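Dear colleague,

I am passing this structure on to you, and below it you will find what came out of a first look. Please read the notes with the structure open beside them.

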Amino acid sequence: MKTFNEQKFIQLVLDSNPQGIFWKDKDSNFLGCNMVIAKLAGLKRPEDIVGKNDYDMPWSKEESDFFRMVDRRVMESGIPELNIEEFITNSDGETDWIRTNKVPLKDEEGNIVGILGTYEVITVQKQLELQLKKQNEILQKANDRLEQLNVDLERFSYATSHDLQEPLRTIGAFIGVIKNKYLLNLDEKGNQYIRFIEDGVSRMSNIIRNTLKYSKLGKEELDFELVNINAIIDNRLIDLNMLIEENNIDLVNEINNIQIKGNPDLLGTLFYNLILNAIKYNDNKCPEITIGYLNQTDHYLFYVKDNGKGIPEKFQDKIFEPYVRLDNNRKGLKGTGLGLSICRRIMNLHNGKIWLKSILGVGSTFFIEIPK
Ligand code: ADP
C-alpha cells in the first residue's frame, strides 16, 4: 500500500467527506478547506483558499455579511451554532440552500483561535418542504371552505325544515276540516285520496322532525350523566312493544345493569333506531332480535343483531349517510333515511363508534362501542 505523509492524508480524508469543511482564523480569514468548498468557490485546489476571506469569494455581499456575523458570534460566545439554514452563491452564480454548523476552534490552552465550519446542501429538501407547506396550505383552505359550506348547509336545512313545519300543519289541519265537513259528499275514491294526503303529511312531518333532530345534534350543550343502559332499553322497548308483538318477533335482551356515562335521551334514540330497523328490515318467517354486549377493557361493545334481509357490502358504509335508503320494507313502515345518521352523530358525541356486519339474506349486527 502507498504511504502518505500526515498532512496529505488528512487533506485526503477531508476531501472524501461529502460535506463542505472549512476553518478560519480569528479575523475570519480562511486557513483551509476541503475540495467541496474549493469547487463551490471555483478554486483549483483547496490550498488556494488560504488567506482569502468571504468577500473574495463568489458568494454575495449579504451572504458574506451574514457568515461573518455568525463567525463573530460563535468566537465571542464560545458556543457552537448548529443547523444554521442559509444561502450561498457558487462560482456559476447559482444559489443553494445550505445547512451549516460552526464551532469555535481552540488551541491547547483552550483559547479561541478561529472557527471550524461544515455544511451540506439542502436545496432539494427545502424545495420539497416548501412545496409540501404550500400544498398543506391549499388543503387547509379547501378544508376550511368545506367546513363552512357544511355549516351553511346545516343551517339551511335546519331553517327550511323549521319553516316547512308551519304550512304542513296548515295542510294537516284543513284535511281534518274537509274530513269532518265534507266526508259524506265524497265517494270512495275521494276518501282514498284524503288518506293518501294524510299519509303524505305524516311522512313529511316525520322527515322534517328527523331532519331537525339531526341538524340540532351536537349544537346544543349536552348533559352527560351515569346512565343505566338496561333501563334505557326497557323504556324504549315499551314504545316498540306493539310492533314487536304484531310481527311475532322473538326478542332477547341480554344486557343487565350496565352503567355508562352518556346522555340518556340520545342513547335511548340510538337503541330505539337500531331495534326499530331490526324489526322493519326483517322478513324472516321466524324473526329474531338479540340485544347484547361484551365487557372489554376500556369500553363496552353493545350489539343489536337480527336475522333479517341483510345489507349488501357495498352499501354498508353508505347507509350511515343522511337520506340514504336501500328500499322500502315489507311492513310498510316508511323511514326517512336519517335513523342511522342520527345514530352515528350520537356515537360521535359519546366518543364512540358504530359499525355493522351483515350478510345478505342472513342478517345484520350493528355494533356500538362506548368508552367506559
Ligand atoms: P330509515 O330506516 O329511516 O330508512 P336508516 O338511516 O335507519 O333510515 O337506515 C338506512 C337504510 O339502511 C334503510 O333504509 C335500510 O335500507 C338499511 N337498513 C338499516 N338497518 C337495517 C337492518 N337492520 N337490516 C337491513 N337493512 C337495514
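**The ligand and its surroundings**

In this predicted model, the ligand is surrounded by 19 residues, and the closest of them are Asn277, Tyr281, Arg325, Thr336 and Leu340. At least two residues of the shell come from each of helix 7 (264-280), helix 8 (339-349) and strand 12 (363-371).

The side chain of Tyr281 has an N or O atom 2.7 Å from a ligand oxygen, while at Gly337 a backbone N or O atom lies 2.9 Å from an oxygen atom of the ligand. Gly339 also takes part through its backbone, with a polar atom there placed 3.3 Å from a ligand oxygen. Taken alone, the ligand would expose 530 Å², and the protein buries 97% of that area.

**Salt bridges**

Turning to the protein itself, the structure holds 19 salt bridges. One of them joins Lys61 to Asp65, where the closest N and O atoms are 2.8 Å apart. Both Lys61 and Asp65 belong to helix 3 (residues 61-77), in which they stand four residues apart, or about one turn of the helix.

How values were computed: Residues numbered from 1 in each chain as written. Predicted model: local features only at pLDDT ≥ 70, side-chain atom pairs only at ≥ 80, totals over all residues. Heavy atoms only, no water. Near = heavy atom within 4 Å. Polar contact = N/O pair within 3.5 Å; in protein donor to acceptor, adjacent residues only side chain to side chain. Areas by Shrake-Rupley, 256 points an atom, 1.4 Å probe, with all protein chains shown as cover. Salt bridge = Lys/Arg side-chain N within 4 Å of Asp/Glu carboxyl O.
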